[in-house]
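Open your viewer, keep the selection tool handy, and follow along from stop to stop.

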Amino acid sequence: MAARCFLKKVEDYHHDRLRAAVGEGLAALQVTAALFRPGQRILLKPNFLSACHPERGVTTHPAVVAAVAECLADFGCELYLGDSPALDSLEKVIRKAGYQELIRRYGIRLAPLQREHLRPSRSRRWFPRLHLARELDSFDHVVNLPKLKTHSMMTLTLGVKNVFGCVPGKHKAAYHLSAGENRLYFARLLLEIWETVRPGLTILDGIVGMQGNGPGQGQLRSTGLLAMADDALALDAVIGHLLGVPADQHPVVAEAIRHDFASARWAETELSGDAVADCRVSGFQLPAVTDLRWRLPDFLARRIRNWFTTRPVIDPERCVHCGACAAICPTRAVRNRDGQEFEIVKELCIRCYCCHEVCPARAVDLRPGQGTRLLYHFSGSDSRE
Ligand code: SF4
Ligand code: SF4
């Protein structure tokens, strides 16, 4: 059976409009009380990258989660809200991201995803065992609630990438460390995690998304898109198409196509809701990242890596010395010189861009490699385009 994806243009975060759109989407996807039964425990899994106000566009907007919670509460389900934020506690993210009111209103309980559990993966395609939070076992369904954003390493972060939040604490850094700069390796890991957790419902908040250097420091971009799917990979492929991102520049989708995942091709997904032509987003800006490694043979890529790959650089003028970049860096490449300035040791950096993701002061710039700058110079174009 083909994956199903429902698309709706929604102008803003007005509760009634969102509630109506989510209700329509659930009907289109045939998500009914027969599937989400009274008393079932449902994990709502937003994008809680870090403690940010909803207007920053970093986290899933609470109005979207409120609309989903209201629909699922009507089915009589018990609702839980969980994630494993990169650095901050779940409680802190929830406070800052504006979730307290909806938690009270819908009687939602908190479920930090923090207990370690090494378990067999579902398909054992690439990673026979995965570190995933033990708490996942106690839920009947996971409802995946990603935010539409660019991602400096993976081009976009949508449904499949959002499930990476089910990896508890320090294992996220360990996975980044093992992936290094290899985006296809990381794409495989994300696909394996997604297949194992297998959220039955994914609802994407793209109403105000993020373009440019996401997922923490890009620019807000209103796409007016609410997308819902019974398959997160299908949703990612459809959204990539609507944003004009070719599949070969979107490593999760590219790798899924290469390995014949059933839902990897957007054209094979059953679409409903608003017409594709009305949902297209023009001029969507991708991250200013150049990574040629995944298009080149390994031996060549290693040699020219430092010349071409975009690297993070800390701007001392903007840095507020919070230490978040040093805390999250999987290779300890961020040093605190003389207890004062933070700097990145480029020889240790694997370009995972986690420091860029979590910096609250937008002080981690992404600088194209020297080789890329030269190429752009000779071709007469701007290296940040
Ligand atoms: S670069 Fe950003 S994350 Fe790192 S110490 Fe400075 S403000 Fe904090
Ligand atoms: S310095 Fe930043 S990009 Fe480099 S390895 Fe550390 S967290 Fe990743």
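Is strand β8 (residues 147–151) largely enclosed by the rest of the structure or left open, and why? Select the strand: five of its five residues are buried, so β8 is largely enclosed. Here a residue is buried if 20 or more other C-beta atoms, placed from the backbone, lie within 10 Å of its own. Strands (E, at least two residues) and helices (H or I, at least four) are DSSP runs, numbered from the N terminus.

A word on what you are viewing: this is a predicted model, in which local features need pLDDT of at least 70 and side-chain atom pairs count only at pLDDT 80 or more, while totals for chains, interfaces and linings use all residues. Residues are numbered from 1 along each chain as its sequence is written, and chains are lettered from A and ligands numbered from 1 in the order in which they are written.

Strand β10 (residues 201–211) pairs with β8 in the parallel sense over two bridges, and K149 stands opposite M210. Strand β9 (residues 155–157) pairs with β8 in the antiparallel sense over three bridges, with T150 opposite L156. A hairpin of three residues links β8 to β9.

Next, select helix α6 (residues 169–179) and highlight Y175, H176 and A179, which are buried. They lie on the same side of α6, because they cover an arc of only 100° around the axis (taken from the directions from the helix axis to the C-beta atoms). The buried residues of α6 pack against α7 (183–197) and α13 (354–358). Just after the helix, G180 has a positive phi of about 55°.

Now colour by domain: an automatic or database assignment gives domain 1 (4–279) and domain 2 (293–379). Their centres, taken over C-alpha atoms, are 27 Å apart. Contact (C-beta atoms, placed from the backbone, within 7 Å) involves 20 residues of domain 1 and 20 residues of domain 2. On the domain 1 side, α6 gives the largest share, four residues.

Finish at V68, one of the residues with the most contacts inside the largest nonpolar core, which has 114 residues. Such a core is a set of buried Ala, Val, Leu, Ile, Met, Phe, Trp, Tyr and Cys residues joined through C-beta atoms within 7 Å. Leaving out residues up to four places away in sequence, V68 touches V22, L44, V143, L145 and I203.

Definitions and conventions. Buried ≥ 20, exposed ≤ 12 C-beta atoms within 10 Å, placed from the backbone. Pairing = 2+ DSSP bridges. Contact = placed C-beta atoms within 7 Å.
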